[in-house]
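Subject: Structure handover and notes

Hello,

Here is the structure for you to look over. Please open it alongside this message.

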Amino acid sequence: MRSVVVYANQQAVADATGARLGVALSDVIAQRGVAHVVLTGGTVGIGLLASLASSPLVGLIDWTSVHVWWGDERFVGARDADRNEGQAQRVLLGIVPLPEENIHRMGSADEFPTAESAAAAYAAEVAAHGTPAWDVLLLGVGPDGHVASLFPGHPVYAAADLVEAVAVHDSPKPPPNRVSLSLASINRAREVWVVAAGEAKAAAVSGGLAGDKNLPVAAVAGTERTLWLIDASASTEI
Ligand SMILES: O=C(O)[C@H](O)[C@@H](O)[C@H](O)[C@H](O)COP(=O)(O)O
């Protein structure tokens, strides 16, 4: 099932999605005992975590039952400000009582010689946890229709999709070296939530919703639900 929800502006997308995530995590824990959430980088992706951190909903969640994963990561030094995990840590993960062993970071350039080896280690980490069907998987969208670090026309996106995680070089969005979940991994999620705000995203949103085969955002779907959580200016071309 696919639904599109249009909010007034970027802050409203972040606030509503942060609240939605808080409710979803407590619901999943009540139903299944453990929740696997996959985070995304980007403005809305980090903004919604900040919003959840300041919401009373944050206290509803049994954080010891939450496992946090990433859809993609920038392959730079562990303390580089570009790291998605560092940004998430600052706004939410470092504030809530989340056990360190529940935080599944993609490897940095300080720990791994290549993005390939970091991707392989991440695939092993996913396998070691039973290759979970992600309960909620968040994705920002680029103006070019990329999601996670899967870029349209990039050889990694075009290549066969039989692995869990891939190394990405020559990313059109800096920094150039990245690690990303594959499309197969993303689409194992029960719920995929696509978040986007701003007029720069309008073409990607309309192309994605119309099923433009060239756009990675058009190829993502949850097995139970796909939610597009966007603002008014990203919705003008639908
Ligand atoms: O690490 C990253 O760069 C991302 O995960 C990427 O896929 C991001 O989510 C989109 O580019 C949207 O980013 P903005 O919301 O900042 O435009």
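Below are the notes on it, grouped by region.

One point before the rest: this is a predicted model.

**Ligand shell**

There are 16 residues around the ligand. Gly41, Gly42, Thr43, Gly140 and Gly142 come nearest. Two elements give two or more residues to this shell: helix H2 (43-53) and strand E4 (72-74). H2 gives the most, with three residues. By type, the shell divides into nine polar, four nonpolar and three charged residues.

**Core**

The largest nonpolar core has 65 residues. Those with the most contacts inside it are Val38, Leu137, Leu139, Val179, Val194, Val195 and Ala196. Take leucine 139 from that list. Setting aside residues up to four places away in sequence, leucine 139 touches Thr40, Gly71, Val147, Ala148, Val192, Val194 and Val220.

One of those contacts is alanine 148. Alanine 148 sits in the loop between strand E5 (136-140) and helix H5 (155-158). Its phi is positive, near 45°, and it is not a glycine. Is alanine 148 buried or exposed? Alanine 148 counts as buried, because it has 32 C-beta neighbours inside 10 Å.

**Helix H7**

H7 covers residues 202-210. Its buried residues are Ala204, Val205 and Gly208. They lie on the same side of H7, because they cover an arc of only 100° around the axis. What do they pack against? The partners are strand E8 (191-196) and strand E9 (225-231). Glycine 211 follows H7, and its phi is positive, near 80°.

Look at alanine 204, which lies in H7. It has 26 C-beta neighbours inside 10 Å, so it counts as buried. Its contacts, leaving aside neighbours within four places in sequence, are Val141, Gly142, Pro143, Asp144, Gly145, Leu215 and Val217. Gly142 is also one of the residues that come nearest the ligand. Proline 216 is 12 residues from alanine 204 along the chain, and their C-alpha atoms are separated by 9.7 Å.

**Strands around E7**

Strand E7 spans residues 178-181. Arg178 and Ser180 point one way from E7, Val179 and Leu181 the other way. Are these residues buried or exposed? All are buried. Val179 also belongs to the core residues with the most contacts.

E7 has these pairings:
- E4 and E7 run antiparallel, joined by three bridges. Arginine 74 has arginine 178 as its bridge partner in E7.
- Strand E6 (residues 165-168) and E7 are antiparallel too, over four bridges. Alanine 167 has valine 179 as its bridge partner in E7.

**The loop between E6 and E7**

Two backbone features are worth a look here. Proline 175 is found in this loop. A cis peptide bond joins proline 174 and proline 175, with omega about -5°. Aspartate 170 is in the loop between E6 and E7 as well. Its phi is near 55°, positive in a residue other than glycine. Aspartate 170 counts as exposed, because there are 11 other C-beta atoms within 10 Å.

The buried residues of H3 are Asn84, Glu85, Gly86, Ala88, Leu92 and Leu93. What covers them includes strand E2 (35-39), H2, strand E3 (66-70) and E4.

Leucine 98 lies in the loop between helix H3 (84-93) and helix H4 (115-128). It has 19 C-beta neighbours inside 10 Å, so it counts as partly exposed. The cut-off for buried is 20 or more. Leucine 98 touches Trp63, Val66, Val68, Leu93 and Ile103, not counting residues up to four places away in sequence. Valine 66 is 32 residues away along the chain, with 7.3 Å between the C-alpha atoms of the pair.

**Arginine 188**

Arginine 188 is in the loop between helix H6 (183-186) and E8. Is arginine 188 buried or exposed? With 20 C-beta neighbours inside 10 Å, it counts as buried. Leaving aside neighbours within four places in sequence, arginine 188 is in contact with Ala133 and Trp134. Alanine 133 is 55 residues away in sequence, yet 5.3 Å away in space, C-alpha to C-alpha.

Best regards

Note on methods. Residues numbered from 1 in each chain as written. Predicted model: local features only at pLDDT ≥ 70, side-chain atom pairs only at ≥ 80, totals over all residues. Near = placed C-beta within 6 Å. Nonpolar A, V, L, I, M, F, W, Y, C, P; charged D, E, K, R; others polar. Core = buried A, V, L, I, M, F, W, Y, C linked by C-beta atoms within 7 Å. Buried ≥ 20, exposed ≤ 12 C-beta atoms within 10 Å, placed from the backbone. Contact = placed C-beta atoms within 7 Å. Arc of directions from axis to C-beta. Pairing = 2+ DSSP bridges.
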